[in-house]
Amino acid sequence: MLVDAGDGISHALMNSRINFETINGILFSHLHPDHFSGLPALIVQMKMMNRNKPLDIFIHESLKAVVEEFLLRSYLLPKRMEFEIHYKTFADDERFIITEEFSFLARKNSHLGNLEKFKDKYPSLSLYSASFLFEAWNKKVIYTSDVGSEDDLLLFREYVPDIFISEATHISPLAIINKIIIINPCKKVYLTHYSDEDIPAISEILANLPSDLKEKVKLAIDDLSLEI
Ligand SMILES: [Zn+2]
Ligand SMILES: [Zn+2]
């Protein structure tokens, strides 16, 4: 499963030598371009590679029609495709079981809350943005995706994750560290979704952590693979 497919995803996957055929499904947290707009180009690449197995798109129920229409308007017509796209809609706070061993739970965070004031003008707009808890082979991974406030990091507070992956753009590294102390994941914390200019400041904060936290909290980098 690929989680989010922002602008440039096809190149990023190729750079990491990830075979597109190994992607069975794509799960979207929200529709900001850096999480979503790479989808049509990725599907075109899959077509060019003669894919014929279906692709699942996991999307919140309020966003399915938007994604479907977006692909249609990108001229990715189902009747002309060699492979099928299966939309799998999920509801907020309802566990979605993919296989016996693999499931996810999405909870709405406040990332798009600053747009609520435009709801009157654009009533059809869905402001759903999710953070995820993944459970696979009894291991738990929390992925915040984009958040709106530091309290969003505690959306799954009743779970102790093995790995906690937090974005580091809409929330300060120090706020993340404070919440990590509460969440207390068993293994590792990875910070992602940061810009290159932020690396020196974040690295300095991480370098000055007490040694138990310093071992735990790492900056995510391209091609990183995790063992749980
Ligand atoms: Zn976003
Ligand atoms: Zn983002």
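**Exercise 1. What distance separates the centres of domain 1 and domain 2, taken over C-alpha atoms?**

*Solution.* The coordinates belong to a predicted model, and every value below is computed from it.

Step 1. Begin with the division of the protein, which places residues 1-90 in domain 1 and residues 92-222 in domain 2.

Step 2. Taken over C-alpha atoms, the centres of domain 1 and domain 2 are separated by 23 Å. The contact between them draws 17 residues from domain 1 and 18 residues from domain 2.

Step 3. Putting domain 1 and domain 2 together buries an area of about 1,400 Å², with carbon and sulfur atoms giving 72% of that area. On the side of domain 1, S29, H30 and F90 supply 32% of the area buried against domain 2, which is more than any other three residues supply.

**Exercise 2. Identify the protein donors of the zinc ion (ligand 1), and classify the geometry of its site.**

*Solution.* 

Step 1. The protein donors are H30 through NE2, H32 through ND1, H111 through NE2 and D146 through OD, and they lie 2.1 to 2.3 Å from the zinc ion (ligand 1). Along the chain these donors follow the spacing H-x1-H-x78-H-x34-D.

Step 2. The angles among the 4 donor atoms run from 92 to 160°. Four donors count as tetrahedral if all angles lie between 85 and 135 degrees, and the site of the zinc ion (ligand 1) is classed as irregular.

Step 3. Consider next where two of the donors sit. H111 belongs to the loop between β6 and β7 (130-136), whereas D146 belongs to the loop between β8 (139-143) and β9 (163-167), so this pair ties together parts that are 35 residues apart in sequence. H111 and D146 are both buried.

**Exercise 3. Describe the site of the zinc ion (ligand 2), and state which residue coordinates both zinc ions.**

*Solution.* 

Step 4. D34, at a relative accessible area of 42%, is partly exposed, while H35, at 2%, is buried; H193 is partly exposed at 23%.

**Exercise 4. Is S103 buried or exposed, and with which side chain does its own side chain make a polar contact?**

*Solution.* 

Step 1. S103 is located in strand β6 (residues 102-108), and its relative accessibility of 9% falls under the 20% limit, so S103 counts as buried.

Step 2. The side chains of S103 and R95 are joined by a polar contact of 3.3 Å. Beyond neighbours within four places in sequence, S103 is in contact with R95, F96, I97, I98, L133, F134 and E135.

Step 3. For comparison, take K88 in strand β4 (residues 85-90), which is partly exposed with a relative accessible area of 30%. Again leaving aside neighbours within four places, K88 is in contact with D56, I57, F58, I59 and F96. The C-alpha atoms of K88 and L27 are separated by 9.2 Å, although these residues are 61 residues apart along the chain.

How values were computed
Residues numbered from 1 in each chain as written. Chains lettered and ligands numbered in written order. Predicted model: local features only at pLDDT ≥ 70, side-chain atom pairs only at ≥ 80, totals over all residues. Heavy atoms only, no water. Donors = N, O, S within 2.8 Å, 3.2 Å for Na, K, Ca; no water. Buried < 20%, exposed > 50% of the residue type's maximum accessible area, 1.4 Å probe, protein only. Helix = DSSP H or I, 4+ residues; strand = E, 2+ residues; numbered from the N terminus. Polar contact = N/O pair within 3.5 Å; in protein donor to acceptor, adjacent residues only side chain to side chain. Contact = heavy atoms within 4.5 Å. Domains from an automatic or database assignment. Buried area = accessible area lost by both parts, 1.4 Å probe. Tetrahedral: all angles 85-135°; square planar, octahedral: opposite > 155°, others 65-115°.
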